[in-house]
Amino acid sequence: AELIKRVEPASEAKYIKMTTFVDRSVALNQLRFWYPWPYTEALTIEEGMNELTLLATGIYGKPMPKQHGAPIRLVVPWKYGFKNIKSIVAIEFVKERPKTFWEELGPNEYGFWANVNPNFSHPRWSQAEERMLGTDEKRATLIFNGYETWVASMYPDLKNRLYFM
């Protein structure tokens, strides 16, 4: 939110488009020509202004290491992990909703919104349960990863699958 306030994007800007680095000598997966490099991700301005949205530059009181997404990574805890773009090198404020990396690759599986909702299964698997890291214990998945109080107002129709793709 602080970045958006400081930048003061034009009033017609509705989305924040983020782009990761491209260096095929370091990121060997970028040699795979069938992927639409560079990796891009986007949020609405409203999502970017939410108090839970973070641009992280460090972890545990130290600068962000490359393997964790240096120099900057996005943290949006109520969305699926692929929305948390790492190694951001460009941020743009745009009028039209950008196509994101995974939305371009698999639009029927990975949509723009990517909000966590256990009531909507992924086309190939259920999202009703999740496994806890470290224990493999299964538990019921919570809508918006448990952050419903802070984010549900941004998505007016929770029964609309659109918001969870």
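Colleague: How far is the backbone oxygen of glutamate 129 from a polar atom of the side chain of threonine 141?

Modeller: First, a caution: this is a predicted model, where local features need pLDDT of at least 70 and side-chain atom pairs count only at pLDDT 80 or more, while totals for chains, interfaces and linings use all residues. Residues are numbered from 1 along each chain as its sequence is written, and side-chain values use heavy atoms, leaving out hydrogens and water. A polar contact is a pair of N or O atoms within 3.5 Å; within protein, one must be able to donate a hydrogen and the other to accept it, and residues adjacent in sequence count only if both atoms are side-chain atoms. For glutamate 129 and threonine 141, the distance is 3.4 Å.

Colleague: Is threonine 141 buried or exposed?

Modeller: Buried means under 20% relative accessible area, exposed over 50%, and partly exposed in between (1.4 Å probe, protein chains only). Threonine 141 has 9% relative accessibility, so the label is buried.

Colleague: Which residues does threonine 141 contact, leaving aside neighbours within four places in sequence?

Modeller: Contact means heavy atoms within 4.5 Å. The side chain of threonine 141 also reaches the backbone nitrogen of glutamate 130, at 3.5 Å. With those near neighbours left aside, the list is Val116, Pro118, Gln127, Ala128, Glu129 and Glu130.

Colleague: Is threonine 57 buried or exposed?

Modeller: Threonine 57 sits in the loop between strand 3 and strand 4 (58–59); strands (E, at least two residues) and helices (H or I, at least four) are DSSP runs, numbered from the N terminus. Its relative accessible area is 52%, so threonine 57 is exposed.

Colleague: How far apart in space are threonine 57 and isoleucine 72, C-alpha to C-alpha?

Modeller: In sequence, the two are 15 residues apart. Ile72 is among the residues that threonine 57 touches, not counting those up to four places away in sequence. The C-alpha to C-alpha distance is 4.9 Å.
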